[in-house]
Amino acid sequence: MMRKRWFRDNTGLELMKVLHSLDSSAIPVNMLAAVLTALNPYIDIFLSAVVIDDLIEKNYSKAIMIAVIMITADFIMGTILMLLERSVRIRRQDIYYKFKVLMRKKALELDYETMENPKMHEKIAYAERTAMLYGGIETILFHYKELLANLISVVTAVALVITMCLYRPTITKGILSVLSQPLVSGGLILIILGITLALTKKETAYFEKKHKEIFSRHTGAELLSQYLIGITQDEKAAKVIRIYDMRDMLMSNIKNLKSTMEENVYAKMGNVAKKQHFTELSTNGFLTLFSYFIVSVKILTGAISIGSFTKYTGALSQFGKSVNDSIWALHNIRTKSAFMKDFLDFLSTKEKLHTGTIPIEKRLDNDFRIEFKNVSFAYPGTDQLILKNLNCKLTLKDKMAVVGRNGAGKTTFIKLLCRLYDPTEGMITLNGIDIRKYDYEEYLTLFSVVFQDFKLFAFPIKENIAANQRIDKVKIQKCLNESGAEGVVDALPEKENTPLFNFDEEGIRVSGGELQKLAIARALYKDAPFVILDEPTAALDPISEYEIYTRFDEMVKDKTSIYISHRMSSCRFCDDIIVFDQGNIVERGNHEELLGRNGNYAKLWNAQAKYYVS
């Protein structure tokens with residue numbers, strides 16, 4: 001149990017290191033605020049005692065002077081704390097955004113294999129959703145500030161109480177004088193403080209358990225609530241909801257969830273909060289009553305002055321409150337650290353694809369020879385080989401097609417070629433050298449790819465095509481013309497400056513076919529030696545498809561182009577066709593050769609032949 005708690009606390013400290021890296025001044029500012037917050041109540045506790053004593057002794061001028069000092073000190077301390085708290089809030093907000101940026105930066109730096117792992121997505125998604133409900137990394141700083149402030153308050157209160165106990169009574173007879181003796185009064189206070197601490201610890205453990213139960217229910221209910229709200233705002237779901245008249249069903253689910261949350265989550269939250277508040281008041285009330293008694297005994301026996309009543313009862317009350325708040329601050333640190341640990345795990349994730357040091361040779365003739373040597377591959381976490389002992393050389397500056405049934409290994413072949421994954425067995429070489437020995441970023445510059453599930457972003461069209469904010473306008477226009485997207489773009493008021501999608505009022509929506517043309521324009525703009533198109537015309541109408549193919553010689557001149565396609569008609573435009581089946585290359589040749597063999601390719605072609613025009 002102790003090891004588990006220490007581990008959680010250690011996680012909190014690791015999070016503080018991340019915080020410090022985001023804002024080196026945040027921790028010092030928060031700690032200063034904690035110290036001043038802890039000491040602030042003791043200004044009045046100390047000085048009010050002096051004022052009362054002076055008033056009793058009719059030393060009015062001194063009492064007035066001390067009162068003025070106390071008011072001035074309160075004003076100065078209050079102003080400083082107000083400025084500090086404002087600075088603390090600004091820094092927390094800044095840390096909130098910086099941490100989000102840090103997470104996105106880490107995600108962009110990780111290799112594809114790591115980021116494609118579903119478990120990684122689940123962890124981060126859960127941690128982010130929980131952070132939205134209960135606060136993120138910036139709240140850890142707040143709770144450490146709370147903890148430090150309360151610990152300082154506890155130490156100060158204990159020091160004052162010890163000082164009070166050391167005062168001896170001037171009246172030496174009677175039971176009260178016995179109770180006022182340093183050892184006796186100190187022992188009594190230790191016993192009562194021990195009882196208070198034990199009660200507080202027991203109460204905290206009980207309510208911590210209750211809060212954990214509610215926490216799991218609340219998180220699950222909130223996530224379901226967000227899902228249901230998201231459905232009502234989802235454009236794709238909107239069509240299905242209306243076609244199948246699902247509105248009543250959805251509203252029923254929403255109302256049931258609301259009722260469940262009110263009865264089983266929010267009601268229990270309120271009941272637990274009330275019980276906790278009552279229990280804390282009871283424990284603090286018990287300590288307050290005892291502090292009044294022991295301080296009164298000290299006053300009645302002449303050990304301390306009447307004015308000290310407020311000082312020492314205030315110190316004892318502050319002790320009880322600060323102990324309780326310290327324990328809850330630790331609870332909050334442990335709770336937040338538990339779900340924030342997923343963030344730390346993500347930030348410490350190591351890349352699986354090792355990068356080499358060899359630079360890619362700069363060649364104007366694009367003479368890059370790639371060869372698969374005995375390559376086998378199984379996706380991480382499985383033993384099923386998708387590719388099996390593959391051997392092939394890519395024919396340079398040819399138009400190549402990769403065909404086969406679904407699941408034959410075509411897309412996996414391209415992922416390995418682009419080094420989104422490394423082979424499980426064997427190697428891939430570039431100009432005779434294992435591609436793992438090349439600088440990873442430089443190796444990726446060899447490929448322009450339009451994946452079947454290509455992605456464009458809610459940025460201006462020119463940034464989507466250039467994949468950069470450094471824009472060559474002439475080149476943009478050339479690539480738009482070659483991909484057939486110039487008509488749509490030229491008709492827009494802002495032309496290539498128009499943002500895609502409707503994330504702002506100037507954004508536009510275009511058809512899937514037009515988006516695919518823009519994706520092809522992006523591939524052309526990169527001007528890489530290898531152009532890879534995964535189902536490049538899947539969303540295009542027949543006329544646009546024909547235009548793309550007839551112009552593609554000009555588009556990819558002096559480059560090696562590779563098509564992955566289910567439309568066998570596209571293969572007629574290719575010089576070299578590789579046929580995959582069950583993870584193996586079973587045939588290779590041009591269209592006429594493969595038809596003549598009457599093998600897998602011929603079967604695929606004949607199955608679709610009725611749709612083609614000779």
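R334 sits in helix α11; helices are DSSP runs of H or I with at least four residues, strands are runs of E with at least two, and both are numbered from the N terminus. The model is predicted, so local features need pLDDT of at least 70 and side-chain atom pairs count only at pLDDT 80 or more, while totals for chains, interfaces and linings use all residues. Residues are numbered from 1 along each chain as its sequence is written, and side-chain values use heavy atoms, without hydrogens and water.

With a relative accessible area of 7%, R334 is buried (under 20%, with a 1.4 Å probe and protein chains only). The C-alpha atoms of R334 and G12 lie 7.2 Å apart, although 322 residues separate the two in sequence.

Helix α11 (residues 308–347) also meets helix α2 (residues 26–56): their axes come within 7 Å and cross at roughly 160°. Axes are lines fitted to C-alpha atoms over the stretch in contact, with angles from 0 to 180 degrees between N-to-C directions. The two helices are therefore roughly antiparallel (over 145 degrees). Contact means heavy atoms within 4.5 Å, and these residues make it:

| Helix | Residues in the contact |
|---|---|
| α2 | P41, Y42, I45, F46, S48, A49, I52, D53 |
| α11 | S308, T310, K311, G314, A315, Q318 |

For the chain, the secondary structure comprises 20 helices and 10 strands. Of its 614 residues, 45% are buried. Among contacts with a separation of 6 or more, 75% join residues 24 or more positions apart.

Notes. Buried < 20%, exposed > 50% of the residue type's maximum accessible area, 1.4 Å probe, protein only. Parallel < 35°, antiparallel > 145°, perpendicular 65-115°, else oblique.
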